[in-house]
Amino acid sequence: MAKVLCVLYDDPIDGYPKTYARDDLPKIDHYPGGQTLPTPKAIDFVPGTMLGSVSGELGLRKYLEANGHTLVVTSDKDGPNSVFEKELVDADVVISQPFWPAYLTPERIAKAKNLKLALTAGIGSDHVDLQAAIDRNITVAEVTYCNSISVAEHVVMMILGLVRNYLPSHDWARKGGWNIADCVAHSYDLEAMSVGTVAAGRIGLAVLRRLAPFDVKLHYTDRHRLPEAVEKELNLTWHASREEMYPHCDVVTLNCPLHPETEHMINDETLKLFKRGAYIVNTARGKLADRDAVARALESGQLAGYAGDVWFPQPAPQDHPWRTMKWNGMTPHISGTSLSAQTRYAAGTREILECFFEGRPIRDEYLIVQGGNLAGVGAHSYSKGNATGGSEEAEKFKKAS
């Protein structure tokens, strides 16, 4: 029987929810493009409840223990004395969420002698050293599409929040003020601006579709060009490279995976290519952007705003400059873990575990690494290598808390 080690974020500070704002969720059975939602044999949770925190356990305990497996759930994930590090040595399966990632570094994978499956409850497996997983023949899987639309909605919200200067204006109201001039001195209309996405996969394309009614000019770059019919439908301008697209855009949204080829692609040099006063929204991965270069660009005015919910490492140290830099709209990593999304990725996690334990194939669209190589969607979206370097900085947050 297997030991399943699951790392989830902490419960709310006032305790695990006993009631919720809504009584149910809208029903959907497939995503745009036709991919079906997760199809586990059963679920042991109520859709719309808090599944991503420690007490929610992704709704897995009853299923796993009924089949003789052991489930260990913790939020203590960083540092050599963490519960995660101690329990990892004999774990067969590790489950983690991108929002509170358990970094599977080369050193940790070397210690995990029994590890056979690294499962992301959500989308994005860059917290796993993919090269080490390939070398060790560890399967890496994630629940693709489960929260893509959730993230796309968050991107649109953040674009509008930056351009319309929403957060500082809201702060004036909260503080009892009526400082209209202060609010509008940094506020513009999104209409007629040029908005570009780096990557036009599930999230990027969903962002483009949601922005089209705002009468903006849409741009994109992707190593896999969209069908001509989609380009015509949305009146898209394609660019062969990121660097070629940046000068044309008032707003750039990052929607690509993190791997060695995209790490720190936003840096001091590439920021010079942007229009002065451009905005960047990053809900993909924090390490796509050089932390200090972004802060400098906001200070100098090269960027008019930067928003996102992804940091590196996660949780971000208390002294991370993105917490306090000018004109930022940062939040904790929340875009893909709405209660709606949690229902889908918990069900997808259950589906992957059922396939793994029963010896059935895991869906190709869920596979990142299998059989000693990139596989499924991983072969389409990732490159070999390790993007976990520096993740030990997350322990700073633990020590400060």
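A charge is said to sit over a ring if NZ of Lys or CZ of Arg is within 6 Å of the ring centre and within 35 degrees of the ring normal. The structure is a predicted model, in which local features need pLDDT of at least 70 and side-chain atom pairs count only at pLDDT 80 or more, while totals for chains, interfaces and linings use all residues. Residues are numbered from 1 along each chain as its sequence is written, and side-chain values use heavy atoms, with hydrogens and water left out.

**Exercise 1. Find the charged ends that sit over the rings of Trp 172 and Trp 311, and give the distances.**

Step 1. Over the ring of Trp 172 sits the charged end of Lys 175, 4.5 Å from the ring centre.

Step 2. For Trp 311, the charged end over the ring belongs to Arg 323, and the distance to the ring centre is 5.5 Å.

**Exercise 2. Describe the aromatic pair of Trp 311 and Trp 322 by its geometry and by its place in the chain.**

Step 1. Rings of Phe, Tyr and Trp (its six-membered ring) pair if their centres lie within 6.5 Å; planes under 30 degrees apart count as stacked, over 60 as edge-to-face and the rest as tilted. A search of the whole structure with this rule finds eight aromatic pairs.

Step 2. In the pair of Trp 311 and Trp 322 the ring centres are 6.2 Å apart and the planes stand at 45°, so the pair is tilted.

Step 3. Both Trp 311 and Trp 322 lie in the loop between β11 (303-308) and β12 (328-330), so the pair ties together parts that are 11 residues apart in sequence. Such helices (H or I, at least four residues) and strands (E, at least two) are DSSP runs, numbered from the N terminus.

Step 4. Trp 311 and Trp 322 are both buried, where buried means under 20% relative accessible area, exposed over 50%, and partly exposed in between (1.4 Å probe, protein chains only). Ring pairs also bring in Tyr 306, which is linked with Trp 311 and Trp 322 into a cluster.

Step 5. As a second case, Phe 356 and Phe 357 form an edge-to-face pair, with 5.4 Å from centre to centre and 65° between the planes. Phe 356 is partly exposed, at a relative accessible area of 25%, and Phe 357 is partly exposed as well, at 24%.

**Exercise 3. Locate the backbone features at Pro 313, Pro 315, Leu 58 and His 264.**

Step 1. Most residues other than glycine have a negative phi, and most peptide bonds are trans.

Step 2. The bond joining Phe 312 and Pro 313 is cis, with omega about -10°, and the bond from Gln 314 to Pro 315 is cis with omega near -5°. The loop between β11 and β12 holds Pro 313 and also Pro 315.

Step 3. Leu 58, although not a glycine, has a positive phi of about 55°; this residue lies in the loop between β1 (3-7) and α1 (61-66) and, at 0% relative accessibility, is buried.

Step 4. His 264 likewise has a positive phi of about 55°, but its place is the loop between β9 (251-254) and α11 (268-271), and at 34% relative accessibility His 264 is partly exposed.
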